[in-house]
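Please look over the chain shown here with attention to how its elements pack. The briefing is meant to be read beside the coordinates.

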Amino acid sequence: MSLNYNLMGILRFVLLVSLSLVLFGLKPTVSQPQQQAQVPCLFIFGDSLVDNGNNNRLLSLARANYRPYGIDFPQGTTGRFTNGRTYVDALAQILGFRNYIPPYSRIRGQAILRGANFASGAAGIRDETGDNLGAHTSMNQQVELYTTAVQQMLRYFRGDTNELQRYLSRCIFYSGMGSNDYLNNYFMPDFYSTSTNYNDKTFAESLIKNYTQQLTRLYQFGARKVIVTGVGQIGCIPYQLARYNNRNNSTGRCNDKINNAIVVFNTQVKKLVDRLNKGQLKGAKFVYLDSYKSTYDLAVNGAAYGFEVVDKGCCGVGRNNGQITCLPLQTPCPDRTKYLFWDAFHPTETANILLAKSNFYSRAYTYPINIQELANL
């Protein structure tokens with residue numbers, strides 16, 4: 001079996017690229033942490049866009065605990081699927097946390113009171129999503145780990161569930177799910193049967209049904225301020241540009257079939273946020289992040305925001321640096337700040353920071369309020 005054939009498994013690891021067109025004047029830097037965080041804790045659920053090391057010890061292709069991943073991160077290679085900070089790293093800094101929120105797999109003792117990152121590369125809303133890449137922690141499993149964490153936290157509140165609830169109600173919960181349910185499930189007919197059993201509309205409805213149950217479970221265990229992301233324009237990431245254009249003998253074309261399915265799902269996610277905000281979960285406030293629109297805007301207007309390359313990975317192999325992802329010890333592009341994408345699937349640190357700042361201070365891609373307003377509730 002050739003090395004190239006082994007590496008083809010990595011090609012399947014296609015994830016959401018959740019980037020944002022930022023306001024004029026924003027710089028790709030994060031404010032220094034404040035003396036006190038604006039919220040007491042931050043809990044994170046998602047896939048490789050925000051995974052910061054939970055997959056490191058799993059038998060999986062969905063891992064990034066090797067160089068040059070982390071080449072620009074102060075702590076080096078940690079399992080983050082980018083060159084530096086992830087979106088939630090930047091968000092934590094803006095919120096005033098002195099340290100990054102650690103992966104749940106490494107949290108010990110009272111550190112859980114500051115929050116935890118449960119995200120796992122290749123994870124999806126459906127349990128079987130991402131199985132083609134090996135072990136991972138699905139959204140259902142992440143939620144169950146969180147319920148275990150709540151029981152751990154209860155000890156520090158002397159068993160007072162009301163006091164713990166008051167504490168958690170001030171925290172922010174971030175959930176970014178859905179991309180793998182499409183690209184590592186629905187659009188992988190050789191491995192999954194979902195595209196036979198569903199069409200775009202019914203598959204989105206099935207995902208929303210499951211997602212509603214998962215978010216409701218978080219609510220039952222204390223979540224009151226919740227960020228829910230849509231899926232980005234993943235038909236236009238370097239992997240898809242390389243794969244789709246090769247098959248169609250063309251250049252520069254996005255995979256509209258995938259993008260159209262994502263629009264159907266995102267429309268339902270936004271409607272879900274509306275329902276949850278209108279009394280379905282009393283006392284909770286949900287914020288929807290329109291990752292699809294932001295992805296489109298940033299790619300089209302990338303030059304205006306400092307990006308010189310918006311269709312190729314900084315590190316990777318083949319057409320668009322997207323046919324094979326960043327390999328161990330590979331030399332990446334010298335100036336990561338000029339690239340929108342770090343590899344075939346994931347944004348660079350610069351893009352992550354710009355997105356976090358935009359979503360925090362502006363309503364351009366947040367609904368019905370921005371993250372700063374959510375934190376202040």
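This is a predicted model: local features need pLDDT of at least 70, side-chain atom pairs count only at pLDDT 80 or more; totals for chains, interfaces and linings use all residues.

Residues are numbered from 1 along each chain as its sequence is written, and side-chain values use heavy atoms, with hydrogens and water left out.

**Overall make-up**

- The secondary structure of the chain comes to twelve helices and eight strands, where helices (H or I, at least four residues) and strands (E, at least two) are DSSP runs numbered from the N terminus.
- Of the 377 residues in the chain, 60% are buried, a term that means under 20% relative accessible area, with exposed set at over 50% and partly exposed in between (1.4 Å probe, protein chains only).
- When contacts in the chain between residues at least 6 apart in sequence are considered, 75% of them join residues at least 24 apart, contact being defined as heavy atoms within 4.5 Å.

- Six strands form an open sheet with mixed pairing in the order 2-1-3-4-5-8, two strands being paired if DSSP finds at least two bridges between them.
- Strand 2 and strand 8 are the edge strands of this sheet, each pairing on one side only.
- Strand 3 pairs with strand 1 in the parallel sense over five bridges, and four bridges join strand 3 (residues 172–176) to strand 4 (residues 225–229), again with the two running parallel.
- Phe173 in strand 3 is the bridge partner of Phe43 and also stands opposite Val226 in strand 4, while Tyr174 stands opposite Ile227 in strand 4.
- Both faces of strand 3 are covered, with Ile172, Tyr174 and Gly176 buried on one side and Phe173 and Ser175 buried on the other.

**Aromatic pairs and charges over rings**

- A search of the whole structure finds 22 aromatic pairs, for which rings of Phe, Tyr and Trp (its six-membered ring) must have centres within 6.5 Å, with planes under 30 degrees apart counted as stacked, over 60 as edge-to-face and the rest as tilted.
- The rings of Phe45 and Phe118 are stacked, because their centres lie 5.2 Å apart and their planes meet at 10°.
- That pair links distant parts of the chain, since Phe45 belongs to strand 1 (residues 42–46) and Phe118 to the loop between strand 2 (115–117) and helix 3 (139–155), 73 residues apart; Phe45 and Phe118 are both buried.
- The rings of Phe191 and Tyr192 have centres 4.9 Å apart and planes at 55°, so this pair is tilted.
- Phe191 counts as partly exposed at 43% relative accessibility, whereas Tyr192, at 8%, counts as buried.
- Ring pairs also link Phe43, Phe45, Tyr104, Phe118, Tyr146 and Phe173 into a cluster.
- Arg80 lies over the face of Tyr100 at 5.6 Å from the ring centre, and Lys270 lies over the face of Tyr367 at 4.5 Å from the ring centre; the criterion is NZ of Lys or CZ of Arg within 6 Å of the ring centre and within 35 degrees of the ring normal.

**Nonpolar cores**

- The largest nonpolar core has 66 residues, of which Phe43, Tyr146, Leu168, Tyr182, Phe265 and Phe286 touch the most other members; such a core is a set of buried Ala, Val, Leu, Ile, Met, Phe, Trp, Tyr and Cys residues joined through side-chain atoms within 4.5 Å.
- Apart from that core lies another, of 27 residues, with Leu91, Ile227, Leu355 and Leu374 among them.
- Not counting residues up to four places away in sequence, Phe265 touches Ile125, Met177, Gly178, Tyr182, Ala204, Leu207, Ile208 and Val231.

- Helix 11 (residues 349–361) has 13 residues and reaches 18 Å from its first C-alpha to its last, close to the 18 Å expected, where the expected span is 1.5 Å times one less than the number of residues.
- Helix 11 is largely enclosed by the rest of the structure, because twelve of its 13 residues are buried.
- The buried residues of helix 11 pack against helix 2 (87–95), strand 5 (285–289), strand 7 (339–341), strand 8 (366–367) and helix 12 (371–376).
- Gln280 lies in helix 9 (residues 256–280) and counts as partly exposed at 42% relative accessibility.
- Leaving aside neighbours within four places in sequence, Gln280 is in contact with Thr212 and Arg275.
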